[in-house]
Amino acid sequence: MKLNIIAKESGKSNAQALFFVKKSVQFSAILTEDGEKQVESVLNGMSDGVFEDLEFLEIDGVATIFVNAAKERGISSLDHLRMAAYRLAQRASKKQIPVVSLMLADAAPEQFKSIAHGLAYADYKFDAYKSIKKESFQVTFEIIAGEHTAEFKKIAEDVAVEQKAIVLAKNLINTPAADLTPADFVERARTIAKYTDGLTIKVRDMKQLEKEGFMGHVTVGKGSSRPPFMVTLSYDGTKPARGSRADRTSADHLVIVGKGLCFDTGGLCLKPPKSMPEMISDMSGAATTLAAIQAIATLKIPMKVSAVLCLAENAIGNMSVLPGDIFTAKNGKTVMVDNTDAEGRLVLSDGLAEAGLIGATHIVDLATLTGAMVRALGYAVAGFFCNDDDLARAVINCGEDCCEKFWSMPLEEEYADGLKDKFADLKNTGSDAGAISAALFLQEFLPADTAWAHLDIAGTAFVDKKWKYTDYGATGFGVQTLIELARRMGAGSLSEACGSYEAV
């Protein structure tokens with residue numbers, strides 16, 4: 001897919017596209033009076049059940065594709081545009097149309113951004129393991145932007161960076177565990193740090209983790225022949241560029257912590273066989289975190305951001321943690337491992353401690369943490385827990401603008417007693433409300449006076465049936481929300497992080 005953003009039609013288009021919502025034609029101001037009448041006739045036909053999505057008609061003497069931007073139920077107006085653009089791009093590629101001209105001179109910036117994302121989503125495929133790879137026909141989308149040409153070009157550059165990050169996350173998540181061990185993940189992170197300006201990296205191996213008291217990783221990872229690692233990547237966009245007098249924009253330090261279980265057998269509390277294949281996605285939090293900080297650094301967002309990747313494999317071996325074992329966490333609290341399949345929260349306890357050590361003012365962790373969240377909210381909505389109202393509103397607002405749905409869940413203290421253990425300070429499972437208990441457990445390791453949001457993406461990170469722009473597998477959910485959160489925090493205070501999109 002290629003975008004060519006221009007002020008006026010080039011006259012070389014083989015087809016043009018018109019988006020509409022219900023009976024309101026959008027972005028089609030360049031039509032002649034006769035063309036407007038033809039469109040109105042089409043829309044009248046729609047109410048009679050004659051119209052079909054992606055139908056080819058001739059308008060103003062040009063082959064025109066009408067795209068229904070109100071087809072799906074339950075999604076926002078921006079996501080309607082994404083889905084419409086996604087279907088359009090798939091249709092144009094299948095029909096091998098070399099150029100499609102989109103009439104977007106009257107589109108708002110956030111509408112164009114959604115359309116650009118939708119077009120790009122149609123390009124993704126994961127065929128690294130296919131013996132025969134099918135080449136997709138590349139379509140050029142000519143964007144008629146009118147007076148918005150310069151602004152749309154900048155937005156298109158941002159979308160390209162964000163989509164590169166989404167593809168990175170998807171590819172990591174879709175890669176089989178044999179080819180993406182914790183050590184392999186570390187090498188991917190090293191490569192990204194090497195080739196992304198402004199990113200630094202620190203890697204702790206098993207010996208260093210044990211020496212420094214990060215025993216969550218050690219406890220989970222010691223049963224595998226593929227040892228654990230914790231990776232910290234840092235980016236400081238508050239430093240003025242060379243020759244610039246720009247002041248520090250934000251005093252905040254956002255730390256993103258990602259659960260990175262490269263495979264999760266459940267340990268000695270073994271998972272059932274049918275649950276195993278999708279466990280390649282149990283590192284989705286770390287993949288999303290790595291992808292987000294790559295994009296944040298590439299976009300040069302004026303914000304201090306760090307990423308902590310909690311990488312391990314929960315396997316069965318002669319050194320595997322036993323149910324009933326007790327370890328001392330980094331913050332000094334003792335934990336009894338009641339269930340070896342509740343391992344994500346153990347490595348995240350180290351990640352939260354690391355966030356505190358490097359001076360986080362705000363922490364967002366992402367994890368495919370609980371089946372309880374999947375049962376509660378399914379595959380379309382991610383539940384999250386937060387101890388700060390401004391951060392909670394920012395997560396929801398950024399998610400809405402990025403077409404990612406989040407639902408605020410309660411940190412209900414009434415369930416906290418279920419985490420108490422007779423011998424240790426805590427046990428890693430609660431008696432009731434699995435997703436809430438997991439969040440309450442994590443809260444025990446939170447640095448003092450730190451705003452925190454825990455995003456449980458167990459349902460949204462990986463799908464086994466078609467959902468929006470994903471046929472199967474990794475969705476890339478969360479990448480855009482994290483980027484947008486950093487963008488808004490870098491532009492002002494967190495309480496102001498709910499405005500409309502502006503290109504950085």
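This is a predicted model: local features need pLDDT of at least 70, side-chain atom pairs count only at pLDDT 80 or more; totals for chains, interfaces and linings use all residues.

Start at strand S13 (residues 334-336), which is joined to S17 by 2 bridges, with the two strands running parallel. Within that pairing, methionine 336 sits opposite lysine 427 in S17. Strands here pair if DSSP finds at least two bridges between them.

Residues are numbered from 1 along each chain as its sequence is written, and side-chain values use heavy atoms, leaving out hydrogens and water.

Now the whole chain. It has 13 helices and 20 strands, taken as DSSP runs (helices are H or I, at least four residues; strands are E, at least two) and numbered from the N terminus. The C-alpha trace spans about 80 × 55 × 45 Å along its principal axes. Of the 504 residues, 56% count as buried, meaning under 20% relative accessible area with a 1.4 Å probe, protein chains only.

On to the pockets. A pocket is an open set of points on a 1 Å grid over the protein atoms alone, where a 1.4 Å probe fits, with protein on both sides within 12 Å along at least five of seven lines; lining residues have an atom within 4 Å of a point. Volume is the space filled by probe spheres set on the points, which are joined across faces, edges and corners.

The largest pocket comes out at about 920 Å³. Its lining has 41 residues, and Met279, Thr370, Gly371, Val374 and Ala458 lie nearest the centre. Among the elements giving two or more residues to this lining are helix H9 (344-357) and helix H10 (371-377), and H10 gives the most, with 4 residues.

The second largest pocket has a volume of about 790 Å³. Here 34 residues form the lining, with Asp123, Tyr124, Lys125, Phe126 and Asp471 nearest the centre. Helix H2 (77-94) gives the most to this lining, supplying 5 residues.

Conventions:
Buried means under 20% relative accessible area, exposed over 50%, partly exposed in between (1.4 Å probe, protein chains only).
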